[in-house]
Structure formats: structure tokens, C-alpha cells
Amino acid sequence: MSNFYRQQAWVAIRVRFIWAGRYRRDVFNLTSPSGNSYFKTVRFILFDIDGTLLDSGGAGSRALNLAFKEMFSVDDAFRTVSMAGKTDLQIMLEGAKLYGIDCSNGIMPAFFSAYVRHLREQMDIRKGHVKPGIREALEILTSCNKYFLGLLTGNIEKGARIKLESFGLSSYFRIGAFGSDHEDRNRLLPVAVDKLREQVSCPVSFNDCVVIGDTPRDIDCSKPYGAYAIAVATGPYSAASLAAAGADIIFEDLSDTERFISALERKK
Ligand SMILES: [Mg+2]
């Protein structure tokens with residue numbers, strides 16, 4: 001297809017989404033004035049945060065280290081702990097185990113309270129960025145009434161909101177499953193689906209879920225349920241390693257919005 005026709009096709013797609021946006025939903029009011037749901041079915045698009053939506057410039061790991069030092073006087077405690085794809089709670093427990101710290105005595109709320117405080121400060125001095133194509137994709141998805149956006153992240157919810165708000169992305173996501181919902185990321189998709197079922201008056205099945213992430217852990221937490229796994233090589237893992245992990249489709253990044261939306265369209 002020539003560039004001219006490709007451009008025309010893309011314009012036609014954008015016009016269709018803008019038209020559909022006239023029916024933009026209010027996520028806190030998912031039914032029409034007559035009481036009927038706008039949705040016959042919901043396609044639930046769940047995004048990971050770190051490495052997928054954004055790069056916090058290391059603010060998250062710095063905040064974890066600062067909180068640990070504040071509470072246990074250990075410098076750079078998580079330097080040997082691999083964090084990609086893990087929940088915050090899982091990372092904390094691995095770090096604590098390295099130093100023989102007992103976490104069964106109620107210290108976790110105090111730790112994460114310190115973490116949130118440090119994260120807010122670190123994000124203010126961040127040098128992070130939003131990943132390519134993310135803002136464009138989110139704009140189109142939210143202007144179309146066939147998708148419902150959510151989060152599936154290892155971040156505790158307060159930490160997730162701080163990171164997203166720092167880049168003006170939080171308002172795209174009114175619902176999600178977080179590291180504060182469960183230590184095990186593989187248990188988070190049912191949590192997210194349950195939350196959505198409470199808000200919409202139509203069926204939500206795992207088959208209608210699409211999970212988008214940058215690590216094999218994002219794939220592992222979606223495929224066993226029958227969800228569609230889209231991998232992006234915008235984090236620490238290559239496209240080849242994400243393919244080997246079983247992703248349904250892989251993108252180097254999401255800058256090709258047309259191809260990304262097409263991938264969602266092919267999902268039944
Ligand atoms: Mg990630």
C-alpha cells in the first residue's frame with residue numbers, strides 16, 4: 001500500500017474512533033439513562049506500569065532503598081534483588097530475607113508508608129519518561145466505547161498512582177489490580193476482573209481480557225486464565241525472550257498505534 005493510501009486508511013480509522021468517542025463512557029456511570037448497559041460485552045485492556053507505560057527513571061527502586069535504610073539502617077539493600085515484573089511486597093520480602101529481617105511483626109505498613117513518602121520525592125526529581133506511543137494509544141482507547149482500561153501491576157496502589165500522576169496518566173485508569181491486593185502477581189487478574197464486574201452490568205470473562213506488559217511475568221499472570229498477552233520490548237527483556245515466554249504478539253514499542261489497535265481488534 002502506498003504511503004498516500006496508508007495515510008488515508010489511518011485517517012479513516014481515527015475518524016471512526018472520534019465518532020465513537022461521542023459515546024465516551026463515564027466509568028462511574030456505565031449505564032445509559034434508560035438503565036441499559038452501553039456494553040454487550042467488555043474488552044478489558046490491562047496495562048502494566050513500569051517498563052510498559054512509563055520509565056520512572058529509577059524512582060521506584062530508589063524509594064524502596066531509602067525506605068529500607070530509614071527503617072533498618074541498610075544502604076542500597078535491594079541492589080541484588082531483580083525487580084522487573086515482581087510485586088512491591090514480593091520485592092520487600094526478598095530484601096528483608098537477605099538481611100534476616102522478620103516481616104511478620106506488623107512492620108509492612110510502616111515500611112510502605114515510608115516508601116510512598118520517598119517515592120513522591122523521587123518522582124519530583126525524576127528523569128523518567130512515558131514510553132513511545134502510550135499517550136496516543138490511551139487517547140484512542142478511551143474515546144472508544146468498546147474498551148475498558150485497567151491496570152495490572154506489582155506496584156502497591158498508592159505507588160502506582162504517584163507514578164502515573166507524575167506523568168498525567170492516572171485518570172485513564174479508574175480500576176486495576178495492584179501489588180497491594182496480593183503478593184503473587186499470578187493472582188491479580190481475577191482481582192481486576194472482580195473489580196470490573198462490580199462496576200459493569202454485563203459479563204466479563206478472562207477471554208475478553210488483554211494484558212500488556214514488558215516481562216515474562218506479565219505473560220505468566222495472564223495466559224493461564226485464557227487472557228490475551230501482548231508483550232512490549234520497552235523494558236529489560238528483548239522481543240525474542242518475550243516470544244519465548246509465550247506472548248501472543250510482541251511489539252518493540254507501541255509507537256505504531258494503528259498496528260496496536262489492530263492487534264486488539266483481532267482479539268476475540
Ligand atoms: Mg513492567
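Q: What percentage of the residues of the chain count as buried?
A: A residue is buried if 20 or more other C-beta atoms lie within 10 Å of its own. Of the 268 residues in the chain, the share that counts as buried is 40%.

Q: Among contacts between residues at least 6 apart in sequence, what percentage join residues at least 24 apart?
A: Here we look at contacts in the chain between residues at least 6 places apart in sequence. The part of these that joins residues at least 24 apart is 65%.

Q: Over which residues does pLDDT stay under 50?
A: For the chain, the mean pLDDT is 85, and 83% of the residues reach 70 or more. Where pLDDT is low, the predicted coordinates should not be read in detail. One stretch calls for that care: the model has 30 contacts beyond four places in sequence for it, but pLDDT stays under 50 over residues 15-38.

Q: Are H4 and H6 roughly parallel or roughly antiparallel to each other?
A: Two packed helices are described by the angle between their axes and the distance between the axes. For helix H4 (residues 108-124) and helix H6 (residues 157-166), the axes are 10 Å apart and the angle is about 10°. Angles under 35 degrees count as roughly parallel. The two helices, H4 and H6, are therefore roughly parallel.

Q: How many nonpolar, polar and charged residues are in the contact of H4 with H6?
A: From H4 come Tyr 115, Val 116, Leu 119, Arg 120 and Met 123, and they meet Lys 158, Gly 159, Ile 162, Lys 163 and Ser 166 in H6. Sorted by kind, the residues of this contact are 5 nonpolar, 2 polar and 3 charged.

Q: Within what arc do the buried residues of H3 fall, seen down its axis?
A: In helix H3 (residues 88-98), the buried residues are Asp 88, Leu 89, Ile 91, Met 92, Gly 95 and Ala 96. They line one face of the helix, because seen down the axis of H3 they fall within an arc of 160°.

Q: Is Ser 73 buried or exposed?
A: Ser 73 lies in the loop between H2 and H3. Its phi is near 55°, a positive value in a residue other than glycine. Most residues other than glycine have a negative phi. With 9 other C-beta atoms within 10 Å, Ser 73 is exposed.

Q: What is the phi of Asp 76?
A: Asp 76 is found in the loop between H2 and H3. With 12 C-beta neighbours inside 10 Å, Asp 76 counts as exposed. Although Asp 76 is not a glycine, its phi is positive, about 50°.

Q: Which residues is Met 83 in contact with, leaving aside its neighbours within four places in sequence?
A: Met 83 is also in the loop between H2 and H3, and its 19 C-beta neighbours inside 10 Å make it count as partly exposed. Its C-alpha is 9.6 Å from that of Gly 154, 71 residues away in sequence. Beyond four places in sequence, the contacts of Met 83 are Ser 61 and Ile 91.

Q: How far apart are the C-alpha atoms of Ala 114 and Phe 68?
A: Ala 114 sits in helix H4 and is partly exposed, with 18 other C-beta atoms within 10 Å. Leaving aside neighbours within four places in sequence, Ala 114 is in contact with Ala 67, Glu 70 and Met 71. Ala 114 and Phe 68 are 46 residues apart along the chain, and their C-alpha atoms are separated by 8.5 Å.

Methods. Residues are numbered from 1 along each chain as its sequence is written. This is a predicted model: local features need pLDDT of at least 70, side-chain atom pairs count only at pLDDT 80 or more; totals for chains, interfaces and linings use all residues. Axes are lines fitted to C-alpha atoms, for helices over the stretch in contact, and angles run from 0 to 180 degrees between N-to-C directions. Helices (H or I, at least four residues) and strands (E, at least two) are DSSP runs, numbered from the N terminus. Angles under 35 degrees count as roughly parallel, over 145 as roughly antiparallel, 65 to 115 as roughly perpendicular and the rest as oblique. Two residues are in contact if their C-beta atoms, placed from the backbone, lie within 7 Å. Ala, Val, Leu, Ile, Met, Phe, Trp, Tyr, Cys and Pro count as nonpolar, Asp, Glu, Lys and Arg as charged, and the others, Gly among them, as polar. pLDDT is the predictor's confidence in each residue, from 0 to 100. The arc is that of the directions from the helix axis to the C-beta atoms.
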